[in-house]
Amino acid sequence: MSCTPTTNTLFTSTKLGLFQLQHQIVVSPPSHTSMVSVEEFYRTCTTDGGLVIVPFDTNASIRRNIPEIIHKANGVAFCLVDVPSCPAESFVERIQSCITDAISCGYDGIELDASQGSALQGVLFNNTEVVSELSNILQALTTFITDERLGLRFSPFSFIDGAHTTDFLQLYIGIIEYLKHIHPSLAFVHFLGSTSFEDFEYSQNKSLDVFRAAIAFPMSTDSMDSNGTRFISSASYSPDAFKLDMSTRTGELISFSLPSIANPDIVSLLRQGLPLLNLPRVTQRLSDILTSFKEGKEYVFDWDSLQREQVLQAMQCLGQYLGQFEPALSYEGTDKRVVWRKSCWFASEGIAYPLLDTEHEISKFDGDLKDGLSGLVALRNSNVRASLENLKRVLDSTLVSCCHAIGLSKDLIQRCTVRYRIIKYVAHAGNPGGIGLHPDGNLLSALITDGPGLGVYDFDGTYREPGVGGTILMGGSTLYRWSKGRYLPTFHDVSIGQEQKKTSIVAFFNLPDMEVIPQSAGPDTEKISFFHDIRVIKEDDKSPAGELAPLWKIIVQRHNLILPS
């Protein structure tokens with residue numbers, strides 16, 4: 001993605017607290033975990049006199065070295081401070097210790113993390129008087145650091161305990177008003193309008209304008225006071241000149257988080273209008289997904305050891321919960337096999353949105369309402385909800401990467417919905433069973449399972465069992481239709497052994513239903529649209545004369561299958 005060189009306010013000097021910055025770009029890497037060498041990243045980070053927000057590193061020598069590296073490039077170094085898994089009663093003491101340590105290492109200032117998942121967010125939102133609790137915390141901390149060297153990070157569109165914060169606009173505007181009146185010299189407030197996943201940042205397309213206006217008031221956002229508390233926005237910005245100009249004509253600073261990892265010289269790149277790159281591993285992953293889907297194969301997102309532990313722990317929780325369900329027979333597949341399964345499902349308006357929690361909302365989705373209502377009951381269990389939200393984030397992350405690979409527009413991704421089904425399989429009457437050979441009827445499926453049994457049938461006659469150890473992504477029959485045959489659906493089945501029990505969760509990612517959708521087109525074909533009706537698609541998938549009939553013929557012949565008539 002490229003832009004043209006621009007002379008907008010992005011590259012003019014500005015004041016932030018005690019510091020004079022040479023431009024209004026903020027480099028704020030999300031973490032150090034994906035960096036091969038942390039110190040080398042900051043050495044190549046061409047700050048050009050700008051603000052760099054550095055995650056607090058547990059390695060003391062790295063904490064000491066980074067500020068010096070940034071200062072040599074005439075940059076200003078703030079340390080992002082959070083204290084994960086900290087009990088509320090010792091929170092202030094732990095934060096004070098981190099602030100003292102960071103300042104002693106040479107950091108110019110501190111950003112307190114109150115965004116989604118942070119300890120500070122948990123402390124604030126477990127209190128009925130959020131503003132009052134924030135006041136108490138800041139009063140305790142400003143004896144260690146002045147307001148001019150302090151910033152706060154918020155994610156107003158995040159959700160607490162599975163839902164968006166009630167009246168979040170009123171709440172965050174109340175916080176801003178408090179800060180303006182009691183801490184008018186605060187260096188900045190930093191508002192996140194996107195979610196950072198493994199490969200990409202994902203924006204929910206919600207505006208930060210109301211928060212910009214609250215900071216600027218009584219002036220307009222076009223004449224925001226550079227001597228007061230500054231507004232920093234982070235909203236999955238693309239580097240085209242028009243959008244950057246629209247973001248910075250308000251006088252705010254804009255932050256680049258995940259893109260800065262692959263582009264440590266992002267300030268120089270934006271100044272010259274050069275394109276931003278993905279990390280090499282992301283570029284390779286997108287290529288591999290594309291190749292797999294063109295061949296009708298699955299793609300597996302491998303987990304690291306920590307993610308594997310967290311995923312399997314969450315799966316164990318869901319399996320235990322489903323254990324109390326009464327089993328029901330699955331539908332007969334193409335091979336007439338059946339299996340006992342205990343199951344329920346959940347739904348979301350889209351990636352990074354909370355799980356829906358009313359019958360009215362879930363009744364709009366393609367799925368049996370009985371199991372959907374069981375899902376609503378499951379959400380009342382705090383352990384089940386927490387496990388589901390952890391797994392949802394893993395599944396959503398893979399879906400975002402896949403959408404980028406197959407070329408879905410940002411607008412279309414944000415219009416898609418997701419349904420999540422959890423299943424505990426058991427053998428049928430003590431005999432082996434399973435789910436018959438089929439492609440899923442939706443656009444994409446992302447699957448996590450804690451046991452073997454999934455089998456994939458390639459169009460070249462290869463049979464493969466992906467196994468356990470990663471998130472499995474498969475193309476559906478809707479993807480085949482939407483892409484006009486460019487991407488083949490993944491044909492698969494599930495086999496359950498005589499004594500086997502296993503738990504799975506699958507995310508069904510679907511285009512908006514009963515709507516005309518812009519259709520994927522190759523480079524030499526005219527773009528057209530098709531009407532998406534998921535029920536018609538699923539019925540046509542079963543028809544011997546349906547659109548998938550030629551694909552079924554290839555699969556049956558290449559794998560020497562004999563399917564019951």
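This is a predicted model: local features need pLDDT of at least 70, side-chain atom pairs count only at pLDDT 80 or more; totals for chains, interfaces and linings use all residues.
Colleague: Is strand E17 largely enclosed or largely open, and how many of its nine residues are buried?
Modeller: A residue is called buried when its relative accessible area is under 20%. Strand E17 covers residues 340-348, and it is largely enclosed by the rest of the structure because the buried ones among its nine residues number eight.

Colleague: Which residue is the bridge partner of Trp340 in E18?
Modeller: Strand E18, made of residues 417-426, runs antiparallel to E17, and nine bridges join the two. Within this pairing, the residue of E18 that partners Trp340 is Val426.

Colleague: Which residue in E17 does Ala328 stand opposite?
Modeller: Strand E16, which consists of residues 328-329, pairs with E17 over two bridges in the antiparallel sense. Ala328 stands opposite a residue of E17, namely Arg341.

Colleague: Which strands are the edge strands of the open sheet?
Modeller: The open sheet has seven strands, in the order E15-E23-E20-E25-E18-E17-E16, with antiparallel pairing. An edge strand here pairs on one side only, and this holds for E15 (299-302) and E16.

Colleague: At about what angle does helix H14 run to E17?
Modeller: Helix H14, formed by residues 369-378, lies across both E17 and E18. Its direction relative to E17 is given by an angle of about 75 degrees.

Terms used
Residues are numbered from 1 along each chain as its sequence is written. Side-chain values use heavy atoms; hydrogens and water are left out. Buried means under 20% relative accessible area, exposed over 50%, partly exposed in between (1.4 Å probe, protein chains only). Helices (H or I, at least four residues) and strands (E, at least two) are DSSP runs, numbered from the N terminus. Two strands pair if DSSP finds at least two bridges between them. Contact means heavy atoms within 4.5 Å. Axes are lines fitted to C-alpha atoms, for helices over the stretch in contact, and angles run from 0 to 180 degrees between N-to-C directions.
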